[in-house]
Amino acid sequence: MPKIIQMFFYWTGVNWFMAGGVCCQTNVHTVSQTAPSPGISLIHTLPHEAEISSVSSTDSSSGPSNYSRNVQTKSGPLKDVHVPTRLMENFLEIASDNTKKDIETYGFLGASLKDDIFYITSLIIPKQESTSNSCQALQEEEMFAILHEQSLFPIGWIHTHPSQSCFMSSIDLHTQYSYQVMVPEAIGIVMAPTDTSRAYGIFQLSDGGKKILKDCPEKGFHLHKEPVDGSPLYGDCSNVYINSCLRLEIFDLR
């Protein structure tokens, strides 16, 4: 396979696809080293025919009591977050072997910031330990080395619920809090391929949810009390858009 970016990344696959009449590219790499390397321009100039669509909550018959269809925030307007069209499909393909074994898969999302908009351009699959209802990233410094060398922001995470419904568990909420502390716009994507009512969700903690998680010392699976302002702990994002003209770089560190 031809090398790319000096000695640090190697091509393992290139997928071309058509989205909204625009030819887009997904690059898949394995990473043998995490030393700094020259950056890559990952944001394409948007042509007139590019498709950008907002993400609305998927209708479902019911949901957790601590969930809302739209997160409301009082901490000021959040920047928009653009998600590549192929992100979730590519991630499910990567996770397919684990999903068949009823094991969760975890991915880390990196984004560029341009004109006050976050563009997700990198999906990083770290070394990890997973079970049927949990996943834990290992050697996280490798993920942040990639963010640093490409000047990206930690804009959130994505993981599968192989045999569960589409929701955020108490452990997921704590993970989501750690991301929103770093970047308020950080999102958590849950992929639930066996949930017939909702295949995925793109979530954020509410202001009240962040206060509850900040003060929660519990670990493992546990219940959280309701925010004092009566708001849900988390809900669907209102600032996320699917963008057909973003190039996605996938780095598999496993």
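**Exercise 1.** Find which residues L109 is in contact with, leaving aside its neighbours within four places in sequence.

*Solution.* Begin with the criterion, which is that contact means heavy atoms within 4.5 Å. Leaving aside the neighbours within four places in sequence, L109 is then in contact with L87, I120, S122, L123, F153, P154, I155, G156, W157, I158, I187 and I189. This is a predicted model, in which local features need pLDDT of at least 70 and side-chain atom pairs count only at pLDDT 80 or more, while totals for chains, interfaces and linings use all residues. Residues are numbered from 1 along each chain as its sequence is written, and side-chain values use heavy atoms, with hydrogens and water left out.

**Exercise 2.** Determine which residues of the largest nonpolar core touch the most other members.

*Solution.* A nonpolar core is a set of buried Ala, Val, Leu, Ile, Met, Phe, Trp, Tyr and Cys residues joined through side-chain atoms within 4.5 Å, where buried means under 20% relative accessible area, exposed over 50% and partly exposed in between, with a 1.4 Å probe and protein chains only. The largest such core has 49 residues, and those that touch the most other members are L109, I120, L123, I187 and I189. Strand 8 gives the most to this core, namely 5 residues; helices (H or I, at least four residues) and strands (E, at least two) are DSSP runs, numbered from the N terminus.

**Exercise 3.** Classify the aromatic pair of F118 and F153, and work out which elements the pair ties together.

*Solution.* Rings of Phe, Tyr and Trp (its six-membered ring) pair if their centres lie within 6.5 Å, and planes under 30 degrees apart count as stacked, over 60 as edge-to-face and the rest as tilted. The structure holds 6 aromatic pairs. For F118 and F153, the distance is 5.4 Å centre to centre and the angle between the planes is 75 degrees, and the pair is edge-to-face. Because F118 lies in strand 8 (residues 117–125) and F153 in strand 11 (residues 153–160), the pair ties together parts that are 35 residues apart in sequence. As for accessibility, F118 counts as buried at 4%, whereas F153, with a relative accessible area of 33%, is partly exposed.

**Exercise 4.** Decide whether the rings of W157 and Y179 are stacked or edge-to-face.

*Solution.* The ring centres of W157 and Y179 are 6.3 Å apart and the planes lie at 15 degrees, so the pair is stacked. Since W157 lies in strand 11 and Y179 in helix 3, the pair ties together parts that are 22 residues apart in sequence.
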